[in-house]
Every structure is written in structure tokens, then in C-alpha cells.
Amino acid sequence: MKLYYLNTERLDDSAVSTLESVVQEHRLLRIARTKCKKTKKELICTDALLKYAVSKECGVLPRRVENGYKKSGAPYILGMPVNISISHSCGRILVGISKHKIGVDIELIRSIDHERISDRYFTEGEKELIAYSPDKIHAFLSVWTAKEAYFKASNESYDGLLSVDTSNERAHVTVEYDGCIASAVGENEYEFFEITENDIVSYVLQ
């Protein structure tokens with residue numbers, strides 16, 4: 001599986017305007033309804049990064065990549081034999097792509113009310129992992145991203161987040177990078193790519 005990462009805080013406004021030119025019309029309508037400038041930027045960059053990743057893997061131009069969303073909310077690519085998963089947090093975006101099932105999740109490392117969330121969504125085994133960890137925020141985010149990644153990879157078979165117990169089954173990949181914790185479920189081997197402003201702008205203009 002391939003993991004593509006983009007930090008939108010490193011993109012200026014002119015770069016984002018260029019990326020907006022490859023966003024599908026139905027997505028532009030949603031973006032237009034978004035009042036927060038940072039959220040708009042994140043949505044535009046997410047679509048652009050998705051097109052970048054799929055075009056690289058499938059050998060097509062970015063403008064030929066079309067995506068849709070299932071009733072469950074899971075994204076898919078029209079007419080191409082790949083599976084995708086998307087996650088974003090505070091301007092950090094992660095796109096996973098594979099020929100097999102895949103799920104990814106990313107969270108910016110930050111102060112969070114982990115006890116309240118753990119009580120609602122975590123199993124007893126997961127709570128124990130956090131309780132005995134010297135860095136509870138780090139441990140919480142590692143469990144949370146792994147849980148979300150498993151759920152996204154198999155969201156048609158899981159009843160909810162409580163049905164995923166990461167204390168019994170580990171995500172294939174959990175890494176700390178650029179101030180974030182990211183997890184991915186899919187194939188055993190993976191490649192990670194950080195995409196720069198120049199990478200993505202020059203590529204989508206083809």
C-alpha cells in the first residue's frame with residue numbers, strides 16, 4: 001500500500017487556487033458552502049492529493065480521476081481497480097491507496113479529553129494500554145487512529161468503533177511523523193511519501 005501525506009500549512013493561496021481547478025464540480029459546491037477558510041483549503045487539497053495519488057498509481061492524468069462516496073461515507077474511485085482511504089486533521093492530509101482493502105487515519109498530536117472519548121468508544125483492553133503508558137496522549141492517539149483505520153478498512157462488517165479492539169489486533173502501520181500520529185490497515189508492506197507544494201502543483205497542471 002502507498003501512503004501520501006500533505007501538510008496544507010506549507011501551501012500558499014496561489015497554490016491552493018491552482019489545485020482548485022482540478023476539483024470536481026459536485027465537490028466545489030460543497031466547498032462553496034463552507035465558511036471556514038482553513039476548512040475550504042483542506043477540502044481542496046484533499047481532493048487534489050487524492051487525484052495525485054491515484055494518477056501516480058494508475059498512470060492516468062489527474063484530471064481523469066473521478067471519485068465518489070458510498071452510503072457509508074467511504075470514498076471510491078470510478079472505473080479504476082484501486083481502493084482508497086482518506087483522513088485529515090488540522091491541515092494534515094493522508095491518502096492511502098491499494099489494490100486490496102485499506103483504511104487510514106491521522107491525528108495531529110495535541111491536548112485532548114482522551115478520558116471522555118475512551119470511556120465512550122474504547123474497550124477495556126484499550127483503556128488499559130493507555131492507563132499504563134507514560135505518555136497518555138500519544139497512547140490514546142495511537143489507539144484511536146488504529147481503531148479508525150480498522151473501521152474504515154472494514155466498515156461494512158463492523159457495527160461501530162467498540163467492535164474494533166486494537167489491544168487484540170494491531171494496525172499494520174502506526175507511525176509518528178511531522179507532529180502527527182498516523183495508522184494504516186492493509187497490506188503488510190507500505191511506502192510513505194510526503195508531497196510538497198511543488199510536487200502537487202506541477203503534477204496537477206499536466
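Helices (H or I, at least four residues) and strands (E, at least two) are DSSP runs, numbered from the N terminus. This is a predicted model, in which local features need pLDDT of at least 70 and side-chain atom pairs count only at pLDDT 80 or more, while totals for chains, interfaces and linings use all residues. Residues are numbered from 1 along each chain as its sequence is written, and side-chain values use heavy atoms, with hydrogens and water left out.

Let me begin with Cys90. Cys90 sits in the loop between β4 and β5 (92-98). Its phi is positive, about 50°, although Cys90 is not a glycine. Most residues other than glycine have a negative phi. With a relative accessible area of 40%, Cys90 is partly exposed; buried means under 20%, exposed over 50%, and partly exposed in between, using a 1.4 Å probe and protein chains only.

Asp178 also has a positive phi, about 55°, and is not a glycine. Asp178 belongs to the loop between β7 (173-177) and β8 (180-185).

Now to strand β4 (residues 83-89), which holds Ser87. Is Ser87 buried or exposed? Ser87 is buried, because its relative accessible area is 4%. Leaving aside neighbours within four places in sequence, Ser87 is in contact (heavy atoms within 4.5 Å) with residues including Arg92, Val104, Asp105 and Lys152.

Next, the core. A nonpolar core is a set of buried Ala, Val, Leu, Ile, Met, Phe, Trp, Tyr and Cys residues joined through side-chain atoms within 4.5 Å. The largest one has 33 residues, and Leu19, Leu49, Val54, Ile77 and Ile200 have the most contacts inside it. Its largest share, 9 residues, comes from α3. Not counting residues up to four places away in sequence, Ile200 touches Leu6, Leu19, Ala48, Leu49, Tyr52 and Ile195.

Last, the largest pocket. On a 1 Å grid over the protein atoms alone, a pocket is an open set of points where a 1.4 Å probe fits, with protein on both sides within 12 Å along at least five of seven lines; lining residues have an atom within 4 Å of a point. Here 31 residues form the lining, with Gly73, Ala74, Pro75, Ser85 and Lys152 nearest the centre. Which element supplies the largest share of the lining of the largest pocket? That is β4, with 6 residues.
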